[in-house]
Structures are given as structure tokens and as C-alpha cells.
Amino acid sequence: MTHTSTTTDADTLGTATTVGIQLQRIRHFWPLVLLITLGAVIASAVSTYTAEPSYTGRTVLIVSSPGRVPEEDAVMVRGYIDLFNDPAYQARLRDSTDLPPGTTFEARTAAASSMIFVEATAGTDVGAKDAALALATNFRWDVDAVRRAEKDASLDALRSQLDERRRLLTEGADPAYTTQRIIELETLIQQLQGDSTNQLQILQPDAGIAMSEPSMSRNVLVGLLGGLVLGSVAAVLAALFSPTLGTSHDVHTRTGVNPLVEIPRGGSRRKDRARHLGFVRLATRAGHRQVPRPGTLAVVSPTRTPATGQVARAIAEFWAGEGERVVLLHADMHTATVQERTAADNAVTVRTALVRDLLDDPDAPLDRERFTHLLRRLRADADLVIVEVPPLTEDPFAHSACVVSDRTVLVLDRRSGRVGPTREAVELLADAELLGAVLVDPRTGSSLVRRLFRRNKRGESLATVRYERIDNLGPDTTTISSNGHHPDRDAATLLSGKPGATP
């Protein structure tokens, strides 16, 4: 395949950021993003509306160690909270406590205090209050179990010694020494019984109940953001696995063809302007450096689409406005996308014709030789002949029309352009001078939108192009030289459109 050296949108594909490419894919699949986002928002709203209020009960525990500074107790409390909130311990605590179904709980503290707030959330206020107290009580007993066992063992030892001293006193032992020892043991037992070092105590069994209802605005916002993220991911995945070509990057990477420009859809003033600028950019790609003058530009698509005629008309109207003599030739033997249309006297003129009207024998098969001869006669009185070619994969003549043309533009429909037919078309154009591909959204908007926006301030139509239908070329009595010139004919009458026109 031969490519011309022209600056195209493909030149920027190498420097395009990954984020930019993904944004293009997301914009192409925006209905999917909208659908998923809308579903997420509706689901969030419904779940919030049907959700029941929840209640949070609280029980306060405290660590108070005599003779120790509060900062040391705060460090101990931090360790207790980490133990309470550990998932493995919470599972064990849940099994050992009778809790209402769906109850959640956690422990926390306030700044560097020695208090522990055990909070339980349930569906009822009574259930939340009872769950918080039960959890705090079980946690307290679990924490104090080891120390309580050590304390009980120490108390048993001291009581045994106290009983022994009392027995000795009754058996006649020295009263002064024995009595003093008994008093010391009773004091130690009292101190040990009152020692609360590192022990958890219930400071407030019922510290209040708080009711909370789900926030509609917050949940809808979360659903909106989540839906946008999920929809964007789905759009990117859909673009990667979709058989359609949605962006210029897809065209370049999946078919190997250089994209010339993207033509967006119309329908509003802003969209129509962007669409117009896209067609202008495309038409400039068919300038004198890319398409020789006089020359022929073939416009073809892999499958039938209205985008082919839109591209052909846009290029024809642009160069007619630049003062060139333009002929728009419809090589499709079945359809014609442009009918004769008149405009103001100062409008530029695009001459249009059907191939079957210009052939001497329309019933004879149209082969490459006859079509080449027809193009040579048209170029005698035209600077640029634009050929709207039938679909490449549907008409066997389309390949010949592209090969005999100086340059070819491949038109891809953004809505229906698929990778398979496009690759097949690229293979068929291997021996043609392919200028590049253009990705077109053929939708121009509703008729109401066109009536509203395609008017100037005075309400006059903005159309400045006159289409004149060529019925025949007249008899071919000229001698065509090797360079395509007609030395013995009046070129001004060649495409006059008048039946029987002769040189």
C-alpha cells in the first residue's frame, strides 16, 4: 500500500497520552457509562429509602491504677482497644455473647484518656443498649481473667498463712510476735483485695443511645461517583473488545491505516461547528500536494453508509469554494446521494453526474478501461473529480475505481464500522494510493434542530453551493494525447450539460 507524506491525525497518535485515549473511548461509549451510572444512582436511592434506622448503644469502661500516672493508663487502654477491635477476637466475642442479628460493634477512646467506649449498633434501641453492656462485661472478664486467677492464688496463700498464725496463737505461741504477724497478713489481704491496677471497671453501663438514618444525598453522591468509575471501566473494556471502530486510535492500531480526521455528529450550534471544522480539515488533506490537479479523488467505504456521500460532498463544496472546477461523480449504479440543487446567483457550482448517464452504452459492463476513459474526459474540463465509489466489500467495480484514481479516502462509519470489513477493505486497497481514513459520525441531528440552527440572523439559508446535474458528455470525437490533453476540442463545452453539445 502506498501512503502519501502528509500530516494526519495519526502523527499525533504516538504522542497521545494513555489518559487521552481512554477518555476518547469513554466518550464513544457514553451511553454505557450513562446507563451504569444511572443504575448505581437508582440502586443507592432505593436502598437508602428502604433502609431502616439504626441505633448505637454505648457502655463506658475505665482503667484506674492507684499510684500510677494517667498517661501510663492511657497506653494500657490503647492496647485494650486494639485487642477488642481485632477481627479474630471479635469473632470469638460474638460467639460468646448473645447478640441481635446484624449487630456490629467496636471500641474506641477519646484522646489520651483512660476510658474505653464500647459501642454496639443494632436495629432496635433496646438491642443496642443490651449488646453494648454484654460486650463490655464479657471483654472485662476476659481481660481480667489471668490477673484475677493470680490474685486469687495470692489471696489463698495469704489466708493459709493467716490461719496458721491464728492456730499458733491458740497453742500458746508468743502473743506479741504472732499478733503482729496476723495484723500484717490481714493488711496484705485487704490491700490485695482492693488492688485495681490494670483492671477494667464499668464506669457507666448505659451511656446513651444514638439513632442514625442513612443520608439520601450522601448515598446518592456515592452511587453517582461509583457509577461513573464503574461505567468508565466498562466503557474502556467495551472499546477493547468491541468489533466496532470508535476512535482514531482504534483505526490506527487495529487496521494499520493512518486516520486523517474525526468528524463528530451534528445537531446543535456547537456540534455543527465542530462537524464543519472537521470536514474543512479533511478537505485540506486533499490539497494540491496530495492530489494532483487535474486529478481524481475516490471516496469509498467498506460497507454502505451515508457517511460516504457526506464526505464526498464536503470535499467537493470546499474546493468549489476555493475557485476550482469540481465534478462529483457517483460511480454507484444504484444510488445517488446528491440531487440537482440551485442556490443564489453568487453561489459556487459543483457539477454532479451519475456514471450511467455519461456512458455511451449504459447496458454494457463498466470495466476499468471504460471508467478510465470517462475520468480522462472529465478531467479535461475539471480541476478535481471526486468519485463516490460503491462499497468495497459489496461491489466488485469499487476496487477498480479506487485503483485508477489518483488518491483514495477510506470512510469509516463510527456507528457501524467494524474491524473485519475494514481490514478486508484495506487489503483490497493495497495497490491503490490510499490517502488515509476518516472516521465519521453521519448523524446530522433532527430536522427541527437544523431548522433552528442552520439560519443566519436574517433567517436566510446558509447554503452557498449550487449543484448542477450533467446529463451527458456529448460525442467523443477528440484525439486524446498521452498526457490527457484535448487539443482539438473546446473544453468549455465539454461539461456544459446540454444534450448534443459538440466542440
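The exercises below, each with a worked solution, look at how parts of one predicted chain pack together.

The model is predicted, so local features are described only at pLDDT of at least 70 and side-chain atom pairs only at pLDDT 80 or more, while totals for chains, interfaces and linings use all residues. Residues are numbered from 1 along each chain as its sequence is written, and side-chain values use heavy atoms, with hydrogens and water left out.

**Exercise 1. The chain as a whole**

Find how many helices and strands the chain has, and what share of its residues is buried.

Solution. Begin with the elements, which are DSSP runs numbered from the N terminus (helices are H or I with at least four residues, strands are E with at least two); the chain has 15 helices and 14 strands. Next, of the 503 residues in the chain, 40% are buried, where buried means under 20% relative accessible area, exposed over 50% and partly exposed in between, with a 1.4 Å probe and protein chains only. Finally, turn to contacts, meaning heavy atoms within 4.5 Å: among those with a separation of 6 or more, 78% join residues 24 or more positions apart.

**Exercise 2. Helix 12 against helix 13**

Describe how helix 12 and helix 13 pack, and state at what angle.

Solution. Two packed helices are described by the angle between their axes and the distance between the axes. Axes are lines fitted to C-alpha atoms, for helices over the stretch in contact, and angles run from 0 to 180 degrees between N-to-C directions. Helix 12 (residues 368-379) packs on helix 13 (residues 397-404) at about 40 degrees, and their axes are 10 Å apart. That angle makes helix 12 oblique to helix 13, since angles under 35 degrees count as roughly parallel, over 145 as roughly antiparallel, 65 to 115 as roughly perpendicular and the rest as oblique. The contact involves Arg 368, Phe 371, Thr 372 and Leu 375 from helix 12, and residues including Phe 397, His 399 and Val 404 from helix 13.

**Exercise 3. Helix 9 against helix 10**

Determine which residues of helix 9 and helix 10 make the contact.

Solution. Start with the geometry: helix 9 (residues 269-284) and helix 10 (residues 306-321) have axes 9 Å apart, at an angle of about 75 degrees, and this makes helix 9 roughly perpendicular to helix 10. Helix 9 contributes Arg 275, Phe 279, Val 280, Leu 282, Ala 283 and Thr 284, while helix 10 contributes Gln 310, Val 311, Ala 314, Ile 315, Phe 318 and Trp 319.

**Exercise 4. The surroundings of Thr 59**

Decide whether Thr 59 is buried or exposed, and find which backbone atoms its side chain reaches.

Solution. Thr 59 is located in strand 2 (residues 54-63), and with 0% relative accessibility it counts as buried. Its side chain reaches the backbone nitrogen of Leu 133 at 3.3 Å, and a polar atom of the Thr 59 side chain lies 2.8 Å from the backbone oxygen of Pro 205. Not counting residues up to four places away in sequence, Thr 59 also touches other residues, among them Ile 116, Phe 117 and Ile 202.

**Exercise 5. A loop residue**

State where Asp 383 is placed and which backbone atom its side chain reaches.

Solution. Asp 383 belongs to the loop between helix 12 and strand 11 (384-388). From there, the Asp 383 side chain reaches the backbone nitrogen of Arg 325 at 2.8 Å. Leaving aside neighbours within four places in sequence, Asp 383 is in contact with Arg 293, Pro 294, Gly 295, Glu 324 and Arg 325.

Note on methods: Polar contact = N/O pair within 3.5 Å; in protein donor to acceptor, adjacent residues only side chain to side chain.
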